[in-house]
Amino acid sequence: MKLASPDNPVQASWLAEQGFRLDPGPYVSDAYAARKYLHRMPHSEPLHSVTARVFHAGRVTREWTTDPAHGVPFLGSADIFEADLANLPMITKRSFDKNPKLPLEPGWTLVTRSGMTAGRVTYARLSMAGAACSEDVLRVVPDLVRIPAGYLYTFLASPFGIPVIKGGIYGTSVKHIEPSHIADLPVPRFGGGVEQRIDALITEAMQLRQHYEDGVREATRDLFVSAGIPELLDLRWHDRERDLAFTIERPTALSLRALNYSPRARRIIDALRSVTHRPLGDICTGGSLRTGARFKRYDSDSHHGVRLVGQRQAFWLRPSGRWINPKLAPDDIHMTDETVLIAAHGTLGEREVFGRSLLATGRALSNAYSQDFVRVVSGQEDAPGAYLFAFFRTDAAFRILRSMSVGGKQQEYHPSLLRDLPVPMAAAADRERIAGVVRQAYRDRDDADRKEDEAFALLDKAVREAAR
């Protein structure tokens, strides 16, 4: 299929098929070629005929809260891709109740509809049930009588569905997609149990991802309870007295920044020091506690390069990034197993990842990581990275790390304060149990990715065989 060009002008029939769109996107992109390819399927149905509805929530006045008793978790268009939904902001139940279109249900396909990332697709997971979601996300609700939910998601998120969705984007500085722009998207249909097998794989992946989220949360709960500081599980940071009009006696030359003496953060540090603990610097003796080396990126392709993951993308369910030539990059772009990566540069906004942590293990070790992470590598066998991650993923660790920041617009951590950070040390048997829970959680997450990859492979095979 030749796309529009000076030698192959847009035909009147194309304009009619695209709703008389006069912008070039649907005609010069992969979208039109993908549509024509899908029309070669022996049997396909328009999206509107296999869905109960496709909609977004519309604009709503958001009132925010930090009290779980009065709030509902709120997912923005970037949050729907996060692997761990433990740190979502909350809108008030009063705001939530004003709009019945806000809550999500597992099994819906979610499509970002606004901004530079419009057209990205993910699946509403079990942990999203009942959560509110932004108007910047389209909800594609399958008609379960007509099509399996997991199959519909797999097609829409595949290389066959994504180009057609992106072809519906309009706008210049602010991109948008409306439900009507994808209503006639052709969805190929297959017999022989293909759709059911794909749906079963996606369902298994969704359950495994819930095991991952439950596992890391349980490991954190176990750590604080076993260490004797369960009060840090429900920190209620914003309910604590603000850091105003406090004094510090005999400050040293180590730091003259008020934030580094935050009373709220000091109370958390004091709680950690009241139980058995070790300074982070001691734990990392013989390991590593530093950010990566800065380097120039040389682009490559997926066959010869390595995916370089930055701070924002690293926390996604399926991290993405540019492909670079690893031979022209420093060795420390590659992580050793169970390296804790702490986002090391950024600003102090509540929704910024600066101060958040993740664990490099399993499939994540195939990625490369930018210099914008502190590499926390334990040098002590009795303090494995999986155990450290159970601590660093907490709000308590996040607040302490933020209090150790230095810099102007872009923040980073004061190295001396970071080395002195107290890490609670539960009993040896407890540490091993907690690390085991984290390791199993990451195995479940990797298994979920494999199930999803298998579903995409099944779809690809079915489409290409049908198009012959």
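**Contacts, strands and cores in a predicted model**

Leaving aside its neighbours within four places in sequence, Ser 134 touches Arg 62, Phe 74, Leu 75, Gly 76, Ser 77 and Arg 139. Ser 134 sits in the loop between E8 and strand E9 (137-142). With a relative accessible area of 2%, Ser 134 is buried; the cut-off for that word is under 20%.

Strand E8 leads on to a sheet. Four strands make up this open sheet, in the order E3-E5-E4-E8, and their pairing is mixed. Strand E3 (64-65) and strand E8 (132-133) are found at the edges with a single partner strand each, so one side of each has no neighbour in the sheet. Strand E4 (residues 71-75) and strand E5 (residues 90-92) pair in the antiparallel sense, over three bridges.

Strand E15 (residues 339-343) is largely enclosed by the rest of the structure, because five of its five residues are buried. Strand E15 is joined by four bridges to strand E16 (residues 357-360), and the two run antiparallel. Here the bridge partner of Thr 339 is Ala 360 of E16. Four bridges also join E15 to strand E18 (residues 373-377), again in the antiparallel sense. In that pairing, Ala 343 stands opposite Phe 373 of E18.

Phe 373 turns up again in the surroundings of Gly 310. Not counting residues up to four places away in sequence, Gly 310 touches Ser 370 and Phe 373. Gly 310 belongs to the loop between strand E13 (306-309) and helix H11 (311-314). Its relative accessible area is 17%, so Gly 310 counts as buried, given a cut-off of under 20%. Gly 310 and Leu 348 are 38 residues apart along the chain, and their C-alpha atoms are separated by 18 Å.

The next stop is a pair of helices. Two packed helices are described by the angle between their axes and the distance between the axes. For helix H8 (residues 194-227) and helix H12 (residues 385-392), the axes come within 8 Å and cross at roughly 85°. H8 and H12 are therefore roughly perpendicular to each other, a description that covers angles of 65 to 115 degrees. On the H8 side the contact is made by Val 216, Ala 219, Thr 220, Leu 223 and Phe 224, and on the H12 side by Tyr 387, Phe 389, Ala 390 and Phe 391. By class, this contact of H8 with H12 has eight nonpolar residues, one polar residue and no charged residues.

Finally, the nonpolar cores can be considered. The largest nonpolar core has 53 residues, of which Phe 391, Phe 392 and Leu 421 touch the most other members. H12 provides the largest share of this core, seven residues. Apart from neighbours within four places in sequence, Phe 391 is in contact with Leu 223, Phe 224, Leu 272, Ala 397, Leu 421, Pro 422, Val 423 and Pro 424. Another core, of 39 residues, lies apart from the largest one, and its members include Leu 38, Ala 149, Ile 198 and Leu 459.

Terms used. Residues are numbered from 1 along each chain as its sequence is written. This is a predicted model: local features need pLDDT of at least 70, side-chain atom pairs count only at pLDDT 80 or more; totals for chains, interfaces and linings use all residues. Side-chain values use heavy atoms; hydrogens and water are left out. Axes are lines fitted to C-alpha atoms, for helices over the stretch in contact, and angles run from 0 to 180 degrees between N-to-C directions. Angles under 35 degrees count as roughly parallel, over 145 as roughly antiparallel, 65 to 115 as roughly perpendicular and the rest as oblique. Contact means heavy atoms within 4.5 Å. Ala, Val, Leu, Ile, Met, Phe, Trp, Tyr, Cys and Pro count as nonpolar, Asp, Glu, Lys and Arg as charged, and the others, Gly among them, as polar. Buried means under 20% relative accessible area, exposed over 50%, partly exposed in between (1.4 Å probe, protein chains only). Two strands pair if DSSP finds at least two bridges between them. A nonpolar core is a set of buried Ala, Val, Leu, Ile, Met, Phe, Trp, Tyr and Cys residues joined through side-chain atoms within 4.5 Å.
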